[in-house]
Amino acid sequence: MPACQKCLGYVICLYIHGCSLYNFLYKYINFYRSSKKDKLKKRNKGVDVEERQLFHGTSNDTVEAIYRQGFDFRLSGTASGTAYGKGSYFATTAKYSNCYTDRQKETMGMFIAKVLVGDYTKGDKSYSRPPQKDPHDLSSPLYDSCVDSVIDPKIFVIFELGQVYPEYLIKYKSDFSP
């Protein structure tokens with residue numbers, strides 16, 4: 001467990017910004033995500049695709065780019081590792097995502113995103129896309145995402161833009177004195 005997970009301290013939320021209210025791009029991304037959701041549902045014979053609200057911590061330098069352009073999976077591994085694949089990483093807890101923000105800065109940024117996780121499998125650093133569900137059949141469908149643990153996933157790796165909708169941007173600062 002990384003040292004930064006031991007104590008997040010007191011968090012003072014400066015504001016929560018609904019991304020969809022202020023940026024035309026997010027209308028497009030949300031439409032694209034809805035189309036992807038429909039496609040996955042059809043592939044699953046009408047069964048709804050699992051969608052979760054997950055966290056994505058990032059440096060202050062990239063907050064504006066994500067806000068304006070969405071998550072760019074081609075940049076995977078440039079700021080942090082790729083232990084479970086070369087995609088964008090999302091966590092079930094803000095505490096974990098906080099580890100990937102500019103903790104030395106006064107103000108930090110974290111996104112809350114709607115993520116279509118769908119069917120997932122254990123990730124691997126060699127993956128640039130999710131693996132096939134049947135490794136012996138090259139025409140079998142791919143998993144929708146990769147995770148750190150199939151039994152109790154805490155980290156999800158997403159490889160397609162249409163599976164993620166950055167719903168909120170949280171700007172906050174930590175106060176480590178009680």
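1. Strand 3, residues 88-91, is covered on both faces. S88 and F90 are buried on one side, and Y89 and A91 are buried on the other. In a regular strand, side chains alternate between the two faces of the sheet. Note that this is a predicted model.

2. Which strand does strand 3 join, and how do the two run? Strand 3 is joined to strand 7 by 4 bridges, and the two run antiparallel. Within this pairing, Y89 stands opposite V157 of strand 7.

3. F90 also belongs to the largest nonpolar core, which has 17 residues. The residues with the most contacts inside this core are F71, F90, F111, V115 and V164. At least two core residues come from each of helix 3 (60-69), strand 4 (108-116), strand 7 (155-158) and strand 8 (164-175). There is also a second, separate core of 6 residues, with F55, M108, I112 and I170 among them.

4. V115 is worth looking at in the viewer. Neighbours within four places in sequence aside, V115 is in contact with E50, E51, R52, L54, F90, I158, Q163 and V164. Two of these partners, R52 and E50, form a salt bridge with each other through their side chains, at 2.6 Å from N to O.

5. How many salt bridges does a search of the whole structure find? The search finds 4. One of them joins the side chains of D119 and K133, at 2.5 Å from N to O. D119 lies in the loop between strand 4 and strand 5 (120-122), and K133 in the loop between strand 5 and strand 6 (145-147), so the pair ties together parts that are 14 residues apart in sequence. D119 is partly exposed at 31% relative accessibility, and K133 is partly exposed at 29%.

6. D152 and K154 form another salt bridge, in which the closest N and O atoms are 2.8 Å apart. D152 is partly exposed, with 43% relative accessibility; K154 is partly exposed too, with 39%.

7. For the chain as a whole, there are 4 helices and 8 strands. Their order along the sequence is β-α-α-β-α-β-α-β-β-β-β-β. Among contacts with a separation of 6 or more, 79% are between residues 24 or more positions apart.

8. Of the 178 residues, 42% count as buried. The chain exposes about 10,200 Å², of which carbon and sulfur atoms supply 54%.

Note on methods:
Residues are numbered from 1 along each chain as its sequence is written. This is a predicted model: local features need pLDDT of at least 70, side-chain atom pairs count only at pLDDT 80 or more; totals for chains, interfaces and linings use all residues. Side-chain values use heavy atoms; hydrogens and water are left out. A nonpolar core is a set of buried Ala, Val, Leu, Ile, Met, Phe, Trp, Tyr and Cys residues joined through side-chain atoms within 4.5 Å. Buried means under 20% relative accessible area, exposed over 50%, partly exposed in between (1.4 Å probe, protein chains only). Contact means heavy atoms within 4.5 Å. Accessible areas come from the Shrake-Rupley method with a 1.4 Å probe; for residues, only the protein chains shown count as cover. Two strands pair if DSSP finds at least two bridges between them.
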